[in-house]
Amino acid sequence: MTVREFLRVMWAGKYLVVASVVLALAAAVVYADRKPELYEATASVQINAVDLGGDTASTATTTTVDTDPRLVEAPGVLRSVAKAVGGGADPKALAGQVSGQYDAGSQIMTVTTTASTPESAVELANAVASAYVGSLPGVIDDQIAELDARRDALRDQLGAVDKQVADSPKDPLAGAERSTIIDQYQTLSASRSTLESIVTPAQVLTPATGSSAVVVGLPRASIVLLGALAGLAVGVGLALARRALDSRVRARPDAAAAAGVPVIAELYGVTRAAKSYRRTPVLPISSRVASPFTESIRELRTALHVAMQDVEHAVVVVTATDPHAPRSFIAANLAASWAMSGRSTVAVSGDLRRPDMENLLPRPNGPGTDPDGMRPTQVPNLRFLALHDPTMDPADFLATDRVRATIEAARDAGEVLVIDAPPVLAAADATILGAFADCVVLVATAGRTARSVLAEAAERLRINGVPLTGVALAGVKGDSRMVYASTYGDPVDAEAAAVAPEPEETSSDQSSPTGAPPVQAPVQAPDDDAAAPEAGGPPRPAATHRPAGHGGHAGHSRRPPTFPPTGAGPGKTTADADTGSDPTPADVAPTIGRLLRTARRS
């Protein structure tokens, strides 16, 4: 997983992360408020030692009282402490508040105690240190008693060895054992004498004071910070788990693996392009404003053109996995893209239940339906055909010979036929229309279409022999690469795109006060369309140049123009197309003035 993918997963699961952090912070604050504060105090006891003497420094030894730290918690010590602090303290309860640690190098016993207040901790530490010092004489007596018991045992052993030596005077082992026992006995006797000579076994070196009492555990700020970090870790884990358990298509590899066919195009900015169309309404692909969405549509068109292998009259069916995919909008822009590339294109509304394409490709201001049932649209080279029969079920109607003959006639009437088909899993219509196709595009929505749904839709098309070319993945998040691609060649537009990655399309239509048809902005045709005639119109010129405004280039419009109706050449109104007369200066002046004002503002 790359850093970009990780950040996208975190953004998708931001509510889980925020909720986890908030809950963890609340728990940490409650715990910090309710946690009883404990204070710790320490007192140090110096243990006194006695030198046993020796011929040299290396042979000199010292003797001290027993320094086992557990003696600090001895029952006798705790009973004395309980009496000293008063308040009915329980010696057994005090055992959990007292601990000792001995440093052999400095011969210091450190007494540590905890209590709910600093004063109680200091009082308890001093009481334990004093009680411990007071118990050491009894400890010495116990040590002496132990030494006496060991000497008595050695004396008994020595008597047995003496008898053995008397029986066997020349036995070397018996003599050696007798010497060892005597040496041990003398050592124990010396230790006993040293212990008896210790008058003061220890004394309190450093008593506990109020300033030495510290809070045990983490402070409140640290607890809250750790709670926030723990909540963040839990939130990130939940977001990653949510992503791992997510069954929806998220990226190109997911879609390709589920459908079993390649993803021929990733469609960026579909939602934003659809919103722009509802405001204008002008199909984004029919404007001269480049955006990630329009570049994605052209990428889809190019992939399909390669897949068709130069078929003379190609039929492309656009269907979807589910009703939520923006299928009709993509099909309409795809058909317009082919038409703008100079190919005679026919868009067919094959969704009889929800014929949205008819609204996406409205009738221009001009003649109505042609005798063959196809009518012109506002995009040059693009005509529209609706399949409709209210007397029959849509699936039954699409399976009739009449529909087959209609589609064959539409195929012969244009170079490319784009059919908008219903979702695959919603009805059998898509598989019926797919039988007429040379290429079939399956539209899926990233982040919304389940992988199982995409796999089932692709499998249904394959079972029915439909030539599924690939998947068009809509709803993909745009990135800097697509912004750069859509603004390449225009430094001013590239700089503006850094602020607004997907420029919004705005309408250039303005109705005249007298109710006359709107003046259409001139359109710059591609070079390969210079000799391509409009349907029923004269050949179009190679390009229509406009004066360059401040910060722009000649021939580039800041506002997306509306294409004239089929049959009207560039720079002509519908009335001009009907009469064949050239536009007057009064007709084109508003358009030129509007372009100049837009260039100055930019």
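**Ground rules.** I am working with a predicted model, where local features need pLDDT of at least 70, side-chain atom pairs count only at pLDDT 80 or more, and totals for chains, interfaces and linings use all residues. Residues are numbered from 1 along each chain as its sequence is written, and side-chain values use heavy atoms, with hydrogens and water left out.

**Aromatic rings.** I searched the whole structure and found two aromatic pairs (ring centres of Phe, Tyr or Trp, the last by its six-membered ring, within 6.5 Å; planes under 30 degrees apart are stacked, over 60 edge-to-face, the rest tilted). Phenylalanine 293 and phenylalanine 329 are stacked, because their ring centres are 5.4 Å apart and their planes are at 25 degrees. Phenylalanine 293 sits in helix α10 (residues 292-308) and phenylalanine 329 in helix α11 (residues 327-340), so the pair ties together parts 36 residues apart in sequence. Helices here are DSSP runs of H or I with at least four residues, strands are E runs of at least two, and both are numbered from the N terminus. I noted that both phenylalanines are buried (under 20% relative accessible area; exposed is over 50%, partly exposed in between, with a 1.4 Å probe and protein chains only).

**Leucine 218.** Is leucine 218 buried or partly exposed? I looked it up: leucine 218 counts as partly exposed, because its relative accessibility is 45%. I found leucine 218 in the loop between β7 (214-215) and α7 (220-245).

**Aspartate 142.** I placed aspartate 142 in helix α5 (residues 118-167). Aspartate 142 has a relative accessible area of 54%, so I logged it as exposed.
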